[in-house]
Amino acid sequence: MELLKVENVTMQFGGLKAINALTMCVRKGEIHGLLGPNGSGKTTCFNVISGVYQPTQGEVLLEGNRINGNQRHEISGLGIARTFQHISLFGEMSVLDNIMVGQHCRTKEEFIGAIFRTKEERAEEARIVARAYELLDFVGLAHRAGEKACNLPYGEQRLLEIARGLASTPKLLMLDEASAGMNSVEKDNLIRIIRAISAQGITILMIEHDMKLAMGLSDEITVLDHGAKIAEGLPHVIQTNPAVIEAYLGKGGAPHAQSK
Ligand code: ADP
Ligand code: MG
C-alpha cells in the first residue's frame, strides 16, 4: 500500500529544474533509498515533500491526500518527519530540550513559560519529558540529556536529529545523509537504529551516499540524475543498472564504491 506519492513534481529555481517531472512512490512499512549523484535533486525532493518549497508543478500525496500547499508544521503534524543534510539543531539548547521541541511542535518558551499550570498540564509535561528520555535512550544518548547539543560529536548530533524526528510520532521518517561523517562503528550503530525504527512500523525514506549501507538497508531504491528518475527497483537490480552506473561513473564513482 502506498504511503507517499510524489506525482509529476517539478521544482524550478530560475532556469534550473532541480526536479523534473518526478513520479515516485514509497510503500507503507518499507525502507526506501533515494540515491543519485551530487546535485541530482535528492534534498530538493525532501524539501518539496516536507513543505520547505512549493513545487512548480505536480502533487505530493500522503495516504492519498494532497499535502503540498500545507505549511511545514502542518505537514509535520500529518506524520512526516525529517532530518537535514546540514544538521539543524538548537545548538545552545540541551539535548533533552531539542527532543521536547520536536513533540507537538512545542517551543521551549511555551514549555517553561506556563506559570499557572493545571494538573493536566503538569501531567502532560511529565509525559513529554518521559517520552523525550525514552527517545534519547532509544538512540543511545540518554547520558547526554543535559549537555548543549552543539557540544555533541557530529555522529551523535545526527542521532539526536533522528530522535527529534521520532518525537513527532511520524508515519514517514526522511533521513538526508544520516551516515555522513560517521565512522564504521557509528554506521553499524545507525544501521541497527534504522532497522529498529522500521520494526516499529515507521516507513523510512533515506538519502544515502554510502552505497553499501543503502543497498544493505533498502527494500526498494529510486535513483535520480539531473532531477529525473533514471531507475527504481530492488537494490541488487539497481546496482547493475547501466543508466545508474553511468550516472555515477560520469561523476567519478561507481555506485558500489563508498563515496564517503
Ligand atoms: P542533491 O541533494 O541530490 O545533492 P540538491 O537537491 O541539493 O541535490 O540540488 C539539486 C540542484 O538544485 C542543484 O543544482 C542545486 O544547486 C539546486 N538547488 C537546490 N536548492 C536550490 C535553491 N534554493 N535555489 C537555487 N538552486 C537550488
Ligand atoms: Mg543533498
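**Figure 1. Contacts of R66 in the predicted model.** Leaving aside neighbours within four places in sequence, R66 is in contact with E59, V60 and L61. The model shown here and in the other views is predicted. R66 belongs to strand β5, which covers residues 65-66. The side chains of R66 and E59 are joined by a polar contact of 3.3 Å. V6 lies 60 residues from R66 along the chain, and the C-alpha atoms of R66 and V6 are separated by 9.8 Å.

**Figure 2. The aromatic pair F13 and Y53.** The structure holds 1 aromatic pair. The ring centres of F13 and Y53 are 5.1 Å apart and the ring planes stand at 75 degrees, so the pair is edge-to-face; the cut-off for this class is an angle over 60 degrees. The pair links distant parts of the chain, with F13 and Y53 40 residues apart. F13 sits in strand β1 (residues 2-13), whereas Y53 is in the loop between α1 (42-49) and β4 (57-62).

**Figure 3. The interface of domain 1 and domain 2.** The domain assignment of the chain gives domain 1 as 1-79 + 170-260 and domain 2 as 91-169. At the interface, 20 residues of domain 1 are in contact with 12 residues of domain 2. The size of an interface is often given as the accessible area lost when the parts come together. Between domain 1 and domain 2 the buried area is about 1200 Å², and carbon and sulfur atoms give 71% of this area. For polar contacts, the rule finds 1 residue pair across the interface, both residues at pLDDT 80 or more.

**Figure 4. The side of domain 1 that touches domain 2.** As in the view of the interface, 1 residue pair is found in polar contact between domain 1 and domain 2. On the side of domain 1, the elements that give two or more residues are α2 (72-78), β7 (172-176) and α7 (184-199). The largest share comes from α7, with 6 residues. By class, this side of domain 1 has 11 nonpolar, 5 polar and 4 charged residues.

Definitions and conventions. Residues numbered from 1 in each chain as written. Chains lettered and ligands numbered in written order. Predicted model: local features only at pLDDT ≥ 70, side-chain atom pairs only at ≥ 80, totals over all residues. Heavy atoms only, no water. Domains from an automatic or database assignment. Contact = heavy atoms within 4.5 Å. Buried area = accessible area lost by both parts, 1.4 Å probe. Polar contact = N/O pair within 3.5 Å; in protein donor to acceptor, adjacent residues only side chain to side chain. Helix = DSSP H or I, 4+ residues; strand = E, 2+ residues; numbered from the N terminus. Nonpolar A, V, L, I, M, F, W, Y, C, P; charged D, E, K, R; others polar. Phe/Tyr/Trp six-rings, centres within 6.5 Å; stacked < 30°, edge-to-face > 60°.
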